[in-house]
Amino acid sequence: MRQRHVCNHGAIREPTTIDGLVRRAVDARPNEEALADAPNRDTLEGGLPQRLTRTEVDARIDSAVADLRAAGVGPGATVGIQLATVVELPITQLACFRMEAVAAPDADPPSLSDLIAHLRDHEIASYTPVSYT
């Protein structure tokens with residue numbers, strides 16, 4: 001049985017997910033700006049700074065979900081995220097939430113080659129690079 005929550009004004013609301021909140025925000029104001037890169041994006045990840053509307057973010061989330069699924073990620077999987085603070089970081093996290101995977105951003109990442117070597121040496125997992133635009 002699903003839980004129900006009573007708001008402070010007495011209305012009953014069904015619990016929602018983070019993805020549910022994202023979808024509501026897109027429906028409410030689809031053309032409102034949602035994410036923006038810092039002006040120094042080119043020094044972090046390369047490329048020009050991006051500014052995305054809620055609709056554009058939603059489409060990027062769907063694209064990231066498709067890329068993650070193509071790489072073999074499914075519900076319940078843990079996805080290690082190694083990105084600078086650019087728009088792709090929250091998009092990747094939100095894609096994980098959408099597909100019910102666990103987003104695990106790395107706050108102090110080792111070099112990518114060291115990480116891959118560690119995973120292979122210890123037979124923890126195989127590495128499949130995933131990228132999307």
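## Arg51, out in the open

Arg51 is exposed, because its relative accessible area is 57% and the cut-off for exposed is over 50%. Keep in mind that you are looking at a predicted model. You can find Arg51 in strand β4, which covers residues 51-53.

Who does Arg51 touch, once its neighbours within four places in sequence are left aside? The contacts are Glu33, Leu35, Ala36 and Glu56. Along the sequence, Ala36 and Arg51 are 15 residues apart, yet in space their C-alpha atoms are 4.3 Å apart.

## A pair of strands and a helix

One example to look for is Ile81, whose bridge partner in β6 is Pro105.

## The whole chain

Stepping back, you can count 5 helices and 6 strands. Starting at the N terminus, their order is β-β-α-β-α-β-α-β-α-β-α.

The chain has 133 residues, and 29% of them are buried. Its accessible surface is about 8,900 Å², with 53% of that belonging to carbon and sulfur atoms. Among contacts with a separation of 6 or more, 57% are between residues 24 or more positions apart.

Technical notes:
Residues numbered from 1 in each chain as written. Predicted model: local features only at pLDDT ≥ 70, side-chain atom pairs only at ≥ 80, totals over all residues. Heavy atoms only, no water. Helix = DSSP H or I, 4+ residues; strand = E, 2+ residues; numbered from the N terminus. Buried < 20%, exposed > 50% of the residue type's maximum accessible area, 1.4 Å probe, protein only. Contact = heavy atoms within 4.5 Å. Pairing = 2+ DSSP bridges. Areas by Shrake-Rupley, 256 points an atom, 1.4 Å probe, with all protein chains shown as cover.
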